[in-house]
Amino acid sequence: MDIRQFVELSLGRWRSQRSAHHLAFTHFEQVKSTIDIVPLKKEDQEVIDLCKSYDIDANFASNPFRMSWQGESDWDDESTFEGTTILIPIPDENNPRTGRLLRDQGYAETIPSIGRYHFQEDGTFVLLTEYERATAEEKIWFVTPNFRLRVSLIKTSEGTGVVTASFSSEIRDLSVS
């Protein structure tokens with residue numbers, strides 16, 4: 001698997017069920033959400049602008065996309081949320097199975113971020129992102145083309161302790177074209 005195949009397989013609407021353990025709060029959370037992943041073009045102004053913010057030529061981008069989500073949490077009665085982010089893979093020149101992933105909004109902290117990704121031999125996508133106060137490790141793999149699993153760890157900035165651990169199962173919504 002390479003980033004082009006991974007993004008193409010990820011496009012569409014997904015129904016997600018996530019279980020998260022917030023170790024710092026000794027709290028367990030269940031989250032149900034809808035995730036929409038749509039392709040962008042290298043020529044889109046938002047892709048060009050995000051690449052420029054990292055001094056990267058947008059021509060090096062591979063399969064940029066936008067991910068939007070809406071969900072609800074059992075954290076409390078009014079725990080609904082939504083968001084959107086632009087993601088731009090920049091594959092390494094000599095190895096299409098590794099690269100950088102630019103985001104206009106990060107996962108662990110809602111600031112622009114750049115992570116390093118690679119694919120394991122079994123096709124699992126692994127993303128490591130260092131933030132100011134935390135480090136995120138995400139793994140996503142496809143069980144079938146319409147069913148994928150995701151594991152996320154948020155670690156302390158030193159990487160020595162786990163703050164949050166989550167597991168998600170995501171099913172493609174085939175009623176949406």
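This is a predicted model: local features need pLDDT of at least 70, side-chain atom pairs count only at pLDDT 80 or more; totals for chains, interfaces and linings use all residues.
**Exercise 1. The largest nonpolar core**

Task: State which members of the largest nonpolar core touch the most other members, and which element supplies the largest share.

Solution: 
- Start with the members. The core has 15 residues, and Ile 3, Phe 6, Leu 101, Tyr 117, Phe 119 and Phe 125 touch the most other members.
- At least two residues come from each of helix H1 (3-10), S2, strand S6 (113-119), strand S7 (125-130) and strand S8 (134-144).
- Pick the largest share. H1 gives 3 residues.
- Follow one member. Leaving aside neighbours within four places in sequence, Ile 3 contacts Ser 62, Pro 89, Pro 91, Pro 96, Tyr 117, Phe 119 and Phe 125.
- Look elsewhere. Another core of 11 residues lies apart from this one and includes Leu 40, Val 47, Ala 61 and Ile 88.

**Exercise 2. Strand S6 and its partners**

Task: Sort the S6 side chains by face, then describe how S6 pairs with S5 and S7.

Solution: 
- Sort the faces. Ser 113, Gly 115, Tyr 117 and Phe 119 point to one face and are buried.
- Recall the rule. Side chains in a regular strand alternate between the two faces of the sheet.
- Take S5, residues 98-103. S5 and S6 run antiparallel, joined by 6 bridges. Ser 113 in S6 stands opposite Arg 103.
- Take S7. S6 and S7 are also antiparallel, with 5 bridges. His 118 has Val 126 in S7 as its bridge partner.
- Inspect the link. S6 and S7 make a hairpin with 5 residues between them. In the turn, Gly 123 has a positive phi of about 95°.

**Exercise 3. Thr 135**

Task: Classify Thr 135 as buried or exposed and list its contacts beyond four places in sequence.

Solution: 
- Thr 135 belongs to strand S8.
- Classify. Its relative accessible area is 16%, so Thr 135 is buried.
- List the contacts. Thr 135 touches Thr 129, Glu 130, Leu 153, Ile 154, Lys 155, Thr 156 and Ser 157.
- Compare sequence with space. Thr 135 and Lys 155 are 20 residues apart in sequence, and their C-alpha atoms are 5.1 Å apart.

Methods:
Residues are numbered from 1 along each chain as its sequence is written. Side-chain values use heavy atoms; hydrogens and water are left out. A nonpolar core is a set of buried Ala, Val, Leu, Ile, Met, Phe, Trp, Tyr and Cys residues joined through side-chain atoms within 4.5 Å. Buried means under 20% relative accessible area, exposed over 50%, partly exposed in between (1.4 Å probe, protein chains only). Helices (H or I, at least four residues) and strands (E, at least two) are DSSP runs, numbered from the N terminus. Contact means heavy atoms within 4.5 Å. Two strands pair if DSSP finds at least two bridges between them.
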